[in-house]
Structure formats: structure tokens, C-alpha cells
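Hi,

Here is the structure I promised to pass on. Have a look at it first, and my notes follow just below.

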Amino acid sequence: MSKPKVPSYQLLFFNVLTLIVFYLINFQFEEPENHTILYWSYGLNGVVTVLYILIVTFLSKSLKNQIGFLFLGFATFKIILFLIVQFITEFEIKDSHYFILFVPYFVSLIFEILLTKKILDNISFEK
């Protein structure tokens, strides 16, 4: 019996929808001076996750042995990209901002893991 397949575009839709819902909830509870950090955190994680989903979906057949490395690379890339944006824009990150930074990161990470698992389940590694 084969497993039901979840198309990548559905994961993409649910990722964007989940990020928007979490953003709106987080926006209501944050101080107005934190809205810029909130915007960049959700925006960067959303864009990088959409790129990851598109790249992995289209390259899954040709890079089937490197998908795990691609996943790790994108997870690292997101953190480095946010640190670069923080350095360029001189955001001051306080202890209270870690919630703002890591909620969208982990929400996006869950969708990246689900997509990677779905692709790896459907790929045949036999030659």
C-alpha cells in the first residue's frame, strides 16, 4: 500500500498560512518598538523557507543523495542571513527578542523537515 502524497505546493501554502497566523498573534502581544524585528524575522524565515521548498522540490531527482546536506545548509543559511541583516541594520537584540526570532525559525523548520521527509520517502536510492 502506498503512502498518500502531500504535494509540495500544499506544504508551501500551509507554511505561508502558518507564518501569517503566528505573525498576527505575535504582533498583537509585542511592543510597538519590536515590530520591525518581528517583521524581518518572519519575512526572512518565510522567504528562505519558500526558496528551500521550491529548490528541493525541483532538484529532488538530480540531488537525491545531497538533500540532507541541502536541508542543513538552508537551516544554517537562515541563521547567518539573519545575523547579517542584524549587523547591517544594527538591530539591538535583547533577551526578550529571542521569542520573536525563534518562533518563525522553528515554524519554518518544521515545514522544511516535513518536505524533506516527504521527498526522501518518495525517492528510490537504488541504482
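Lys117 and Asp121 sit four residues apart in helix 4, about one turn of the helix; helices here are DSSP runs of H or I with at least four residues, strands are E runs of at least two, and both are numbered from the N terminus. The two residues form a salt bridge with their closest N and O atoms 2.6 Å apart (a side-chain nitrogen of Lys or Arg within 4 Å of a carboxyl oxygen of Asp or Glu). Lys117 is partly exposed at 49% relative accessible area, and Asp121 is partly exposed too, at 37% (buried is under 20%, exposed over 50%, partly exposed in between, with a 1.4 Å probe and protein chains only).

Please keep in mind that this is a predicted model, where local features need pLDDT of at least 70, side-chain atom pairs count only at pLDDT 80 or more, and totals for chains, interfaces and linings use all residues. Residues are numbered from 1 along each chain as its sequence is written, and side-chain values use heavy atoms, leaving out hydrogens and water.

The structure holds two salt bridges. Glu112 and Lys78 form one, with the closest N and O atoms 3.1 Å apart. Glu112 lies in helix 4 and Lys78 in helix 3 (residues 67-89), so this pair ties together parts 34 residues apart in sequence. Glu112 is buried, with a relative accessible area of 0%, and Lys78 is buried at 4%.

As for the overall picture, the protein has four helices and zero strands, and buried residues make up 35% of its 127 residues.

Happy exploring!
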